[in-house]
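Here are some notes for a colleague who is looking at this structure for the first time. Please keep the sequence and the model in view while reading the points below.

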Amino acid sequence: LSGYKFCNAAEILRYTYPGWTENHTAAFTEMIMSVYYPLLRFYFPQANGNWDGAIMHTLLSIAIFTNDRPLFDNAVYHYAWKGKRQFD
């Protein structure tokens with residue numbers, strides 16, 4: 001539940017704090033992609049919609065911070081299509 005908050009804070013720091021360097025961006029990207037992303041990448045279809053919502057929120061934030069369009073598209077696709085299977 002905290003991943004998107006870290007991404008949002010890092011995004012703000014990257015563009016507004018003069019002490020944030022490319023090394024900080026690289027280190028944060030490494031952390032978010034090696035700690036958070038592996039746990040979230042397959043979503044959590046066994047749980048209710050709240051889990052998927054939190055996961056999608058974090059994956060969208062990761063995609064925006066890392067400029068990863070395929071990851072962004074995957075989260076949007078999951079929201080638009082995968083969730084509907086539960087109600088068909």
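Predicted model: local features only at pLDDT ≥ 70, side-chain atom pairs only at ≥ 80, totals over all residues.

1. Ala 26 has its place in helix α2, where helices are DSSP runs of H or I with at least four residues, strands are DSSP runs of E with at least two, and both are numbered from the N terminus. With a relative accessible area of 48%, Ala 26 is partly exposed; buried means under 20% relative accessible area, exposed over 50% and partly exposed in between, computed with a 1.4 Å probe on protein chains only.

2. Residues are numbered from 1 along each chain as its sequence is written, and side-chain values use heavy atoms, with hydrogens and water left out.

3. The protein chain holds 4 helices and 0 strands, and reading along the sequence gives the pattern α-α-α-α. Of its 88 residues, 28% are buried. The accessible surface comes to about 6200 Å², with 62% of it belonging to carbon and sulfur atoms; these areas come from the Shrake-Rupley method with a 1.4 Å probe, and for residues only the protein chains shown count as cover. Among contacts with a separation of 6 or more, 53% are between residues 24 or more positions apart, a contact being heavy atoms within 4.5 Å.

4. Helix α2 has 19 residues and reaches 25 Å from its first C-alpha to its last, which is close to the 27 Å expected at 1.5 Å a residue; the expected span is 1.5 Å times one less than the number of residues. A kink of about 30° is centred on Met 33 in this helix, the bend at a residue being the angle between axes fitted to the seven residues ending there and the seven starting there.

5. Which residues of α2 are buried? They are Thr 25, Phe 28, Ile 32, Tyr 36 and Leu 40.

6. Phe 6 itself is partly exposed, at 41% relative accessibility.

7. Phe 28 and Phe 65 also form an edge-to-face pair, because their planes are at 75° and their centres 4.9 Å apart. Phe 28 lies in helix α2 and Phe 65 in helix α3 (residues 49-66), so the pair ties together parts that are 37 residues apart in sequence. Phe 28 is buried at a relative accessible area of 11%, and Phe 65 is buried at 1%. Not counting residues up to four places away in sequence, Phe 28 touches Phe 6, Cys 7, Ala 10, Trp 20 and Phe 65.

8. The charged end of Arg 14 sits over the ring of Phe 65, 4.0 Å from its centre; the rule asks for NZ of Lys or CZ of Arg within 6 Å of the ring centre and within 35 degrees of the ring normal. Thr 25, buried at 10% relative accessibility, touches Arg 14, Trp 20 and Phe 65, again leaving out residues up to four places away in sequence.

9. Asn 67 has its place in the loop between α3 and α4 (69-82), and with a relative accessible area of 63% this residue is exposed. Asn 67 has a positive phi of about 55° although it is not a glycine.

10. Leu 71 lies in helix α4 and is buried, with a relative accessible area of 7%. Leaving aside neighbours within four places in sequence, Leu 71 is in contact with Tyr 37, Leu 59, Ile 62 and Ala 63.

Definitions and conventions
Phe/Tyr/Trp six-rings, centres within 6.5 Å; stacked < 30°, edge-to-face > 60°.
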